[in-house]
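Here is a briefing for a first look at this structure. Please view the sequence and the model before reading on.

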Amino acid sequence: MANLEILVSELPTLIQNLKLTIGDSNEIVEQIILINDAQEQLRNIKKLIAQELRFDRIDNSAIATLPRLITGATLFIPNLGLVDPAIAEKLGNSETKISLTDLQSKIDVWIEWGYFLQAIATDILSDLKLVNQLNSDIINLSISNELNTLNENLRIDLDLGKTNILRYQIAKISDYQKQLLQLQQKLNYIFDTIKNSRCLLKILLGVSAFYGKSGFALEWLDDDHELIISSEGKFQELTDILNDCDYFQEQIAALIIQGDTLSLQAEQALKKIEQESSKEVISSQELEILSKFSTPKIVRSALIIASSLLILTFSALKIREQNLSFTPEVSAINNFKSAQKLGMEAASLVQKPPHPLKVWQQAETKWYQAIILLDNIPAKTSVYDRAKKKLAYYQINYKSISQRVLIEKKAVVNLESAHKLATEANLFVQNSPHSQLSRQQAQDKWQQAINLLQAIPESTSVSVEAKEMLSIYKTNYAATNQQS
C-alpha cells in the first residue's frame, strides 16, 4: 500500500504533463517517448490497485493522499500551482476522496488519451507537407501579437509641416495597411480551416497559423469531446479560437479605417505645403520681372503689353477650362477627391463607438458612394492606380461597417421583441393571476425576453438599456417561478 500511495501522490504532475505540444516537429518525437513513459507509470499504478483490491479486500476504500489530487476548479497541485478550470476534469472531479475502483477507471481514460496523442503525433510526423507548414508557422508571430504590433505602429503623430517626413509616413502607413490586409486574409484562412475541415490534422494547421511562434498544446477533451488547447498559459476550445477570429477581424477593419484617415490627412497636408511653396516661387518670379522695368515709360509700355496679353491669355484659359471640364482626366480627379472626402467623413462618423443605428447607416452610405466613384475612374487617367488602392481599402471598410449595421439592427430588434414579450407576460399574469397555465405562459415569455437581451452584444448602442431591462426581467421571472 505504501508504494501505491507514493505513486498516487505523483499523479497530479504525471497527468498534467500528459499532453502534446505542437510547434517544432523535432520535439514531437521526444514527446512521444514521454507520453509512452507516462502510460507505463499509469499501468503500474493500475496493477498495484488491482493487487490491493484482490489481496487486501479494500474495494471502494479511499486513499488519504488523494484530496490533494481533486479539489475542483481551484485544484492545487504541489509545486505546480493552480490548475485552469478548463482542464480540471482531466485530473478528476470535485470529490474529496476517490475509491480505488474509480481511480482505475480514470487511469484507463488517461491511458486512452495518451494513445490518442501518440496517434496524432505519428500522423503529423508521417506528413512531410504538414511538418514543413508547422515549422514555418513557428517562425511567425501569433495573430494576437501581430495585431498588437500593427496597432502600435499605426499610432503615428503626423508631422504636418515637413514634406520629406510626411512622404515617409505616408509610405509607412501604406505598408502597414498592406500587412493588415494580409493578416485579414490569414484570419479568413484560419477561420475557414478550423470551422469547415473534418480532418483533425487540417484543423491543427489552422490552429498552428493562429498561435504562430507562441506554440500550442493539446490538453484534453471536454464533456462535449471538443479539443481543449493551451498556449502561453491560456486554455481555449476551438470555438473560442473562432470567436477570437471574429473579434480580430473587427479590430483589423478599425485599424484599416484609422490608417486610411491618417493617410488622407497626411496627403492633404502635403498638398497644402506644395501649394504654398508653389505660390512663393511664383511671387518671387513676379518681383524679379517687375524689378527689370525701372523707368516709368518702360513700365507704362510693359503694362499695356501685359494687359493685352493678359486679356488674350484669360480668354484662352476660359476656353481651355471649358473644354477640360468634360475630359475623363478632370472627371477622374474630381471623383477621386470626392471619394476621399466621403471616406474621411465616413471614418470620422464611426470614431469612438458605440453609435446608434442611424450613424452606422450614414457611414455605410458614404463608403458605398465613395466606392462607386472610385470604381468608375478610367484606367488611363493619372489617378487610376491610387483609386484602385483606395478602392481595396474602402471595400473592406464598407464590408466591416455593413456588418456593424446588421449587428446594431439585430440588437435593436432583440430589444423591441424583448419589450413586447415582457408586455405579453404581464398581461398573462394580470388577466389570470391564479391560473397555473397563465403563470407558465408568462414564465416562458420572460425566459424568451431574457434570452433575447442576453444575445445583445456590449458593442451596440442599446447594450446599456438591455442590461437594465435584463435585471428587471430576471427578477420578474424569478417571482413568476416562485408563484408557480
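Predicted model: local features only at pLDDT ≥ 70, side-chain atom pairs only at ≥ 80, totals over all residues.

Residues are numbered from 1 along each chain as its sequence is written, and side-chain values use heavy atoms, with hydrogens and water left out.

**Nonpolar cores**
- A nonpolar core is a set of buried Ala, Val, Leu, Ile, Met, Phe, Trp, Tyr and Cys residues joined through side-chain atoms within 4.5 Å; buried means under 20% relative accessible area, exposed over 50%, partly exposed in between (1.4 Å probe, protein chains only).
- The largest nonpolar core has 93 residues, of which Ile 124 and Leu 218 touch the most other members.
- Helix α10 (residues 238-292) gives the most to this core, 14 residues; helices are DSSP runs (H or I, at least four residues), numbered from the N terminus.
- Another core, of 17 residues, lies apart from it and includes Leu 415 and Tyr 473.

**Helix α7**
- In helix α7 (residues 143-153), the buried residues are Ile 143, Leu 147 and Leu 150.
- These residues lie on the same side of α7 because they cover an arc of only 65° around the axis, taken from the directions from the helix axis to the C-beta atoms.

**Gln 258**
- Gln 258 belongs to helix α10 and is partly exposed, at 28% relative accessible area.
- Leaving out residues up to four places away in sequence, Gln 258 touches Leu 154 and Arg 155 (heavy atoms within 4.5 Å).
- Ile 173 is 85 residues from Gln 258 in sequence and 9.8 Å from it in space, C-alpha to C-alpha.

Key: Helix = DSSP H or I, 4+ residues; strand = E, 2+ residues; numbered from the N terminus.
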